[in-house]
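Work through the exercises below with the model open. Try each task before reading its solution.

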Amino acid sequence: MILTLAIHTVREAIRKKIPHILISLGAIVLAISPFISTTHEPDALPKIMLTVFFQAVALLCVTGIILFSAVSLPHDIENKTIFSILSKPVSQFKFVAGRTLGFALLAAFILVALGLVNIISVFFASAHLPPEHRGIFKARKEFGAHHFHIQGKIHHEKEGIRWVMGGREGIAIWHFSHLHEKAKNIPPFEVELRLKLDSSRNVADTIPLSIGIEGIQSKENKTELVSAKADETVTLGIPPEIIRKNNDIKITVFPTLTADYIGTAHNTIKVFSIQKGFVFNYAKALAITFLKFLLIIAIAVMGSAYLSAFVSILSAFAVFLCGHLLDFIKDFSLLLHHSGAHEHGLPGMIKKPSGFMIYMDYFFKKPLEWISFILPDFKKFDILSYLLKGIDIPIETIGFSAGYTVLYVAICTLISYILLKKREFF
Amino acid sequence: MNSLAVKTEGLTKVYKDFWKRKSVSALTNLNLEIKHGEIFGLLGPNGSGKTTTVKLLLGFLHPTRGKSWLLDEPSGHVKTKNKIGFLPEESYLYKFLTAEEILDFYGKLFNLSRKERQKRIDELIHIVGLHPYRKRLLSKYSKGMLRRIGLAQAIINDPELIILDEPTSGLDPLGRREIKELIRTLNQQGKTILLSSHLLSDVQSICNRIAILNNGVLQVTGKVNELLSRSDVTEFLVKNLSDSDLESVKEFIRGKNGEVISMHPHLSTLEELFVNIIQHRK
């Protein structure tokens with residue numbers, strides 16, 4: 001029954017040419033993306049293609065899906081076609097669930113179609129890139145350091161960054177553990193350093209660094225001298241023999257010259273195991289984007305169970321927008337509560353309590369807190385950075401997104417059912 | 001519970017505005033009982049509460065007071081709808097589908113098997129006379145054709161109880177006659193029919209019992225023949241009498257202290273004339 005209603009919804013969309021329009025518009029945006037001016041980095045084109053798809057095209061599709069899903073139920077009520085459905089053995093719950101599933105199938109179809117266009121374009125655009133610039137095609141598993149310390153002297157510490165002077169004055173050391181579970185089929189590993197660099201030399205384009213990688217169990221090690229440039233990430237492969245014999249490793253870094261300095265923190269260095277499967281990673285990104293679509297569909301349907309088409313469109317867009325600005329809303333609520341505390345970069349001048357702030361606190365704090373508590377956090381579905389950095393999307397992220405979506409969709413569907421059950425059809 | 005096809009007890013509907021203030025009394029204290037196998041007509045002028053009654057019975061509206069049952073289950077009971085067919089006052093159908101597709105869709109909502117659906121679709125499309133247009137989108141259908149397909153969808157599940165709200169509206173006389181014939185046939189198959197209409201001739205010609213509503217209040221209910229019959233007036237319909245014979249009849253009646261109210265050549269109805277001409281041309 002639910003599937004029948006879902007298929008009916010998809011058929012309605014197809015007959016009204018909604019997927020045709022969305023796929024065509026999405027394809028046009030994707031076709032324009034190579035002409036958007038970018039940096040001169042060799043891998044800029046595939047990166048911009050990915051960005052355009054997961055930002056602009058996804059937004060376009062969300063807009064289309066909101067318009068269709070928020071309008072459909074009010075149209076059924078206004079055109080009274082709902083009579084011919086609810087006079088059949090169809091409960092309000094099945095009706096809402098069927099409609100929601102139909103919109104979800106439609107969204108999945110559009111996403112997969114445009115995703116295919118995007119992934120083929122990305123492969124095509126990267127065909128001639130040298131291996132060192134094909135980072136986006138990796139799907140690396142990220143390992144954070146479990147321990148970080150400075151051996152020797154810390155030159156100074158500012159804003160959580162510990163600065164180390166070169167010439168073995170101080171050595172930054174990171175420990176990584178549990179890099180692999182089994183001795184067989186160990187993938188290649190690499191280490192990525194995002195150090196802050198400084199130098200008292202007048203002309204210093206590059207800073208020579210000594211980077212040592214040592215296995216904790218076997219004590220085997222490898223040291224490399226690397227010339228690092230400011231604002232550039234340094235990537236080094238970890239010799240397979242070290243990884244094969246060691247599940248835990250230690251990485252040491254210091255500038256070789258006393259005139260140079262490195263700024264370090266716990267998360268400055270990360271180790272990655274290089275998994276094959278950009279396509280699989282891309283599929284995971286599409287799946288999370290789909291979950292985001294599903295969430296907004298459930299919200300749009302919920303609104304449309306009670307509101308008119310126009311108001312339900314507006315409310316769905318408002319929720320979508322606020323869901324992306326949730327950090328700001330939380331921050332603002334926090335700011336109204338304790339004027340000294342804020343985390344997300346609001347101007348310091350409004351930290352100071354004033355009569356206006358007390359007034360705001362009284363009238364806006366609680367509603368804002370409630371809103372930030374009720375609204376879905378769409379930022380949890382942002383996965384673009386994983387693809388751009390060539391990082392494997394952790395299964396936990398997918399699990400969390402799926403759980404979060406299922407919970408929201410279940411609540412929204414239940415509310416939609418109650419609204420529709422209470423509603424009268426004149 | 002009793003065993004009636006439809007029952008209402010003190011069914012009342014008051015429409016309220018946004019602030020829950022009473023605005024219109026659409027139906028007041030309606031008590032109805034419709035037995036299985038009846039064709040029951042709900043009559044009344046526009047705004048008398050006929051459609052409100054139908055919507056309350058199907059659970060589209062919630063009663064302000066009172067209760068109603070369909071096939072011994074409270075109104076709005078989902079499973080009971082498997083045994084009910086409904087034709088709304090206008091054919092509110094999905095116009096982006098063809099006749100076949102819409103019947104197939106509604107058939108699926110009744111969980112009919114593919115084979116069963118196909119059989120019913122073929123049957124019904126023939127019954128309502130839309131065979132040549134079965135693959136045409138409903139958006140291209142005339143009002144009368146929409147009415148026919150609306151009726152087909154109302155009986156796709158071979159229901160026990162059929163609720164028809166203004167079934168003949170928008171139909172030409174030929175279409176009206178066909179639909180009335182279909183209603184009679186369905187009734188002969190044992191189905192109960194609740195028919196709401198303001199077209200008195202339609203109701204008179206096919207209903208066993210009727211209820212007349214006015215301003216949401218039940219005015220009268222009973223068998224059509226009983227309500228229409230007058231014990232003091234007798235009507236003859238005679239054939240092949242000359243003028244002098246007719247005069248003799250008149251004299252005879254006067255002789256018995258009777259009064260001849262009218263005596264004129266029999267007129268067939270305009271509907272009969274229209275149907276005869278059209279069918280003759282076909």
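**Exercise 1: a helix pair in chain A**

The axes of helix α1 (residues 2-15) of chain A and helix α5 (residues 92-125) of chain A come within 7 Å and cross at roughly 50 degrees. This is a predicted model, where local features need pLDDT of at least 70, side-chain atom pairs count only at pLDDT 80 or more, and totals for chains, interfaces and linings use all residues. Residues are numbered from 1 along each chain as its sequence is written, chains are lettered from A and ligands numbered from 1 in the order in which they are written, and side-chain values use heavy atoms, with hydrogens and water left out.

Step 1. Axes are lines fitted to C-alpha atoms, for helices over the stretch in contact, and angles run from 0 to 180 degrees between N-to-C directions. Helices (H or I, at least four residues) and strands (E, at least two) are DSSP runs, numbered from the N terminus.

Step 2. Apply the classes: under 35 degrees is roughly parallel, over 145 roughly antiparallel, 65 to 115 roughly perpendicular, and the rest oblique.

Step 3. Assign the hand. The crossing of α1(A) and α5(A) is right-handed; that is, the near helix is turned clockwise from the far one by less than a right angle.

Step 4. List partners. Contact means heavy atoms within 4.5 Å. On α1(A) the contact residues include Leu3(A), His8(A) and Glu12(A), and on α5(A) they include Phe95(A), Arg99(A) and Leu106(A). The residues of this contact divide into twelve nonpolar, four polar and three charged. Here Ala, Val, Leu, Ile, Met, Phe, Trp, Tyr, Cys and Pro count as nonpolar, Asp, Glu, Lys and Arg as charged, and the others, Gly among them, as polar.

**Exercise 2: another pair**

Task: treat α3(A) and α7(A) in the manner of Exercise 1.

Step 1. The axes of α3(A) and helix α7 (residues 278-304) of chain A come within 9 Å and cross at roughly 30 degrees. That makes α3(A) roughly parallel to α7(A).

Step 2. The crossing of α3(A) and α7(A) is right-handed.

Step 3. Contact residues include Phe53(A), Cys61(A) and Leu73(A) of α3(A), and Tyr282(A), Phe293(A) and Val301(A) of α7(A). They divide into 20 nonpolar, three polar and no charged.

**Exercise 3: a proline**

Task: which residues does Pro187(A) touch, not counting residues up to four places away in sequence?

Step 1. Pro187(A) is in the loop between β5 (170-176) and β6 (189-193) of chain A.

Step 2. Pro187(A) touches Ser273(A), Ile274(A) and Gln275(A) under that rule.
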